[in-house]
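Please read this short report alongside the model. It covers the fold, the cores and the aromatic contacts.

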Amino acid sequence: MLEQGSNRSALSRRDFLKLMSAGGIALAFAPFVQWGKYMPNPKGDILGKAPVIIPGGTHANIHTFPLNHAEVITYPSTGDIVLDEEAFRKWQLIRLPEEFGGSAKDVSAFRVYSMVCLHLWCLWKYWPQEGQKKGQCPCHASTYDPITGRATSGPAALQAAPSNVLPRLDLEADADGYLWITPPKFETRANGIVGYGRFLPAA
Ligand code: FES
């Protein structure tokens, strides 16, 4: 019995080592693989115009959304609470600080970027504190410019285009100031591909 137990334990140690080694290989090649192609593909969803709903169920409005503030929004939303928790559906809705144009009473004051970090897919978020005012990933400290979505430091900034710029969603506002997501094209030269990146338009 004891011997069988030892064998089981040796096997599980071997399996564990194999797993560790597979994980190591995957990480080593991570910067060179177009991971975005393997992410769950939002093209399978119906990508229509959708209201910008912030946590708590409120429809975001230009007249009430605070300056230099961010909320997590879900797009495309399915209405299924499990599916809607998938990382590729999570976006940061950011109202820029005043000095970056955030007090404009139109959609130019806002940005919406995929929360999936372009390095190894942790979820980053916007830090509004004085001296920061940027996106930052908790895993390896990549930072993102809130105006363009471009990685400015850390490992994501070392990746070649388009894997150094976050995918984005575009917004429009109705006559009452309510924000809406316009139907995106998840392609690198349009809204980008979640987990892979986006080409910035030529200046
Ligand atoms: S996963 Fe974000 S910096 Fe590594």
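This is a predicted model: local features need pLDDT of at least 70, side-chain atom pairs count only at pLDDT 80 or more; totals for chains, interfaces and linings use all residues.

Residues are numbered from 1 along each chain as its sequence is written, and side-chain values use heavy atoms, with hydrogens and water left out.

**Fold and surface**

The protein has one helix and 13 strands. These are DSSP runs numbered from the N terminus (helices H or I, at least four residues; strands E, at least two). Along the sequence the pattern reads α-β-β-β-β-β-β-β-β-β-β-β-β-β. Of the 203 residues, 37% count as buried (under 20% relative accessible area; exposed is over 50%, partly exposed in between; 1.4 Å probe, protein chains only). Among contacts (heavy atoms within 4.5 Å) between residues at least 6 apart in sequence, 54% join residues at least 24 apart. The protein exposes about 11400 Å², and carbon and sulfur atoms supply 59% of it. Areas come from the Shrake-Rupley method with a 1.4 Å probe; for residues, only the protein chains shown count as cover.

**Cores**

A nonpolar core is a set of buried Ala, Val, Leu, Ile, Met, Phe, Trp, Tyr and Cys residues joined through side-chain atoms within 4.5 Å. The largest has 21 residues; Val52, Ile73, Trp91, Leu93, Phe110 and Leu171 have the most contacts inside it. Strand 5 (90-95), strand 6 (110-114) and strand 13 (179-181) each give two or more residues to this core. Apart from it lies another core of 15 residues, including Ile94, Leu118, Cys137 and Tyr144. Not counting residues up to four places away in sequence, Phe110 touches Ile62, Phe65, Leu93, Ile94, Arg95, Leu171 and Leu179.

**Rings**

The structure holds three aromatic pairs. Rings of Phe, Tyr and Trp (its six-membered ring) pair if their centres lie within 6.5 Å; planes under 30 degrees apart count as stacked, over 60 as edge-to-face and the rest as tilted. Two of the pairs are tabulated here.

| Pair | Centres | Planes | Class |
|---|---|---|---|
| Phe65 and Phe110 | 5.6 Å | 65° | edge-to-face |
| Trp124 and Tyr144 | 5.6 Å | 45° | tilted |

Phe65 lies in the loop between strand 3 (58-59) and strand 4 (69-74), 45 residues from Phe110 in strand 6. Phe65 is buried at 5% relative accessible area, and Phe110 at 2%. Trp124 sits in the loop between strand 6 and strand 7 (125-127), 20 residues from Tyr144 in strand 9 (residues 143-144). Trp124 is buried at 1%, and Tyr144 at 2%.
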